[in-house]
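Let's take a walk through this structure together, one neighbourhood at a time.

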Amino acid sequence: MADLHTHIGALELKNPVMTASGTFGYGLEFADFVDLDQIGGIIVKGTTLEPRQGNAYPRMAETAQGMLNCVGLQNKGVDYFCEHIYPEVRKINTAVLVNVSGNSPETYAECARRIAELEDIPAIELNISCPNVRQGGMAFGVTCEGAASVVKAVRAVYPKTLIVKLSPNVTSIADIARAVEAEGADAVSLINTLMGMAIDAERRRPVLSIGTGGLSGPAVKPVALRMVWQVYDAVKIPIVGLGGIMNATDAVEFLLAGASAIEIGTANFIDPAVTVKVVRGIEEYLTRHDFSSVRDIIGLAHVEH
Amino acid sequence: MVQGMKKYVLDLVVKYIERPRRDYVVLHLTDPVAPLPAMLPGQFVEVRVDGSPSTFLRRPISINYVDRRLNELWLLVHAVGAGTRALASLAEGNRLNVILPLGRGFTLPDEATRENREAPTRTSSKTGFEQVVERWLLVGGGVGTAPLLYLGQEVAARGCRPTFLLGGRSASDLLQLDLFRRFGDVCLTTEDGSAGERGFVTQHSLWATADFTRICTCGPKPMMMAVARLARELGIPCEASLENMMACGLGACLCCVEDTTEGNVCVCKEGPVFSTDKLKW
């Protein structure tokens, strides 16, 4: 059997399959469908210092091979997470990561500092790429200076593994990746959703309450794959790849493009057991091609061409 | 954290398809190898739509009826878009991948009695105990009548014969009437007067003498809002089933939220049935 262990900085995952923030709740919502312990890592819902109500309904529009959302970081705040949710999720026998968001470098850092105190949360994913909030969110992730400012503030107070989630809504994602690497990020994850919109022709209005939203699902996969490919050439830190992964073959493509681990998002809505199926499918792929470890295929598509 | 009923992903078999009207089908689904899981009235299922390239997400569909004897789950589908049209074109023997049961259903008579213990009720001295006499009104419009059939059966099974008040644009919109009549009295309204009283459900003459102890409603939002207003004026507890657009159906994506007195909550998990007191209607 092939070895599925992979590393994101100091964080060791039992396999490269994680769940994307905002698509898997706190994991517990899916416990009837999958053995959560078999997933490589669970990244829970975006958490902010203060509770947030998110955007108004409607927040979702189905699109060709994907969907748009403008949830806008609805969550009960970091204190609620620490008191009520952490005691439950820490029982899951896998890496549980928290996606951290904010509206200034200070609020990002304070939220990260609180999460750092939680013994069984080995890493955070810093969300500088949410396209659905007015203040903060993607505003930081679309310039090198903005991205660097948040990572610098968080790095100063967060000693564990720091993954920075990048926005695809930029001219050069490689430049942003280099900027966060320079400030001490341990890894980058990409891509967050692509900004898009839907219009209801009959009502002659945007479908989503705030007009625009983030596109996810198979529709974005080629874009995500290309960005992982480019970032792999730009930085030395590990990459977590995501964007439209629906099955094990999709996941393997991201590993070959240079990702050390992957995240599954929107696919959880279609098949709530997809994560574990992808773990098994990656293992089958490795066996079929005589690889002894998943680490042997990371970036393997980068040959001279 | 509240853990609800255990949920399943099942490949059910389409055993039989009724086509009561153009654009409507009743899918009779069964599990050929096991009894169907426990399901409550007002809960829903998420069906995967295969063979429809423009349909990406599952479709949430309310539970129309559960026939335990025949091990059947019924889904009433109104073919309005690509996804529901694909479901309407299924054939007997096809498989349908379904997640169930989802959400919180209607409060049932036993629970309602406990809730309303303080409320004025008729009593019977026959048994020497105070016995609550419940009078349930189930108000539905269009395809929103679907969950009221299963609800009516479960309410009747608990000893309260309900009254159904069902509305549509015309007689052809009113489906499954023979089945509703099995479980309770049926009153009808149509906008064109082709069946029952002319007008909306809220204009029916039964409201003049209404002495119901509980109202449950499902249908177009303006109809449910009007029913909720009437219920409030009459001081009758009311529950409504919402159908906000959903992605996951599991409370994970936070797309289907309703703005309630407790803030934005997921219709798929905290609902789809809500006490109308909690809604900002």
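In this predicted model, helix 6 (residues 221-234) and helix 7 (residues 248-257) of chain A have axes that come within 8 Å and cross at roughly 25 degrees. Angles under 35 degrees count as roughly parallel, so helix 6 of chain A is roughly parallel to helix 7 of chain A. The crossing of helix 6 of chain A past helix 7 of chain A is right-handed.

Now turn to strand 7 of chain A, which spans residues 95-100. Is this strand buried or exposed? Six of its six residues are buried, so strand 7 of chain A is largely enclosed by the rest of the structure. In a regular strand, side chains alternate between the two faces of the sheet. Here both faces are covered: Ala95(A), Leu97(A) and Asn99(A) are buried on one side, and Val96(A), Val98(A) and Val100(A) are buried on the other.

Strand 7 of chain A also has strand partners. With strand 4 (residues 41-47) of chain A, strand 7 of chain A pairs in the parallel sense over five bridges, and Val100(A) is the bridge partner of Thr47(A). Strand 8 (residues 123-127) of chain A likewise runs parallel to strand 7 of chain A, joined to it by three bridges; there, Val98(A) stands opposite Ile124(A). Follow the chain from strand 7 through helix 2 (residues 105-116) to strand 8 of chain A, and you trace a right-handed β-α-β unit.

Chain A also holds an open sheet of four strands, in the order 5-6-14-11, with antiparallel pairing. Strand 5 (60-63) and strand 11 (194-197) of chain A are at the edges with a single partner strand each, so one side of each has no neighbour in the sheet. From one strand to the next, the twist averages 35 degrees. Within this sheet, strand 6 (residues 66-69) and strand 14 of chain A pair in the antiparallel sense over three bridges, and Asn69(A) has Gly214(A) as its bridge partner.

Leaving aside residues up to four places away in sequence, Ile210(A) touches Asn55(A), Cys70(A) and Asn132(A). Its C-alpha atom is separated by 12 Å from that of Ile199(A), eleven residues apart along the chain.

Finally, move over to chain B, where seven strands form an open sheet in the order 11-10-9-8-12-13-16, with mixed pairing. Its edge strands are strand 11 (197-198) and strand 16 (273-275) of chain B, each pairing on one side only. Strand 8 (residues 136-141) and strand 9 (residues 163-168) of chain B run parallel and are joined by five bridges, with Leu166(B) as the bridge partner of Gly140(B). Helix 3 (residues 146-157) of chain B lies across strands 8, 9, 12 (214-218) and 13 (238-241) of chain B, running at about 170 degrees to strand 8 of chain B. Helix 5 (residues 221-234) of chain B packs on the sheet too, touching strand 8, strand 12 and strand 13 of chain B, and its direction makes about 175 degrees with that of strand 13 of chain B.

Notes
Residues are numbered from 1 along each chain as its sequence is written. Chains are lettered from A and ligands numbered from 1 in the order in which they are written. This is a predicted model: local features need pLDDT of at least 70, side-chain atom pairs count only at pLDDT 80 or more; totals for chains, interfaces and linings use all residues. A residue is buried if 20 or more other C-beta atoms lie within 10 Å of its own, exposed if 12 or fewer, and partly exposed in between; C-beta atoms are placed from the backbone. Helices (H or I, at least four residues) and strands (E, at least two) are DSSP runs, numbered from the N terminus. Two strands pair if DSSP finds at least two bridges between them. A crossover is right-handed if, with the strands pointing away from the viewer, the path from the first strand over the helix to the second runs clockwise. Axes are lines fitted to C-alpha atoms, for helices over the stretch in contact, and angles run from 0 to 180 degrees between N-to-C directions. Angles under 35 degrees count as roughly parallel, over 145 as roughly antiparallel, 65 to 115 as roughly perpendicular and the rest as oblique. A crossing is left-handed if the near helix is turned anticlockwise from the far one by less than a right angle, and right-handed if clockwise. Two residues are in contact if their C-beta atoms, placed from the backbone, lie within 7 Å.
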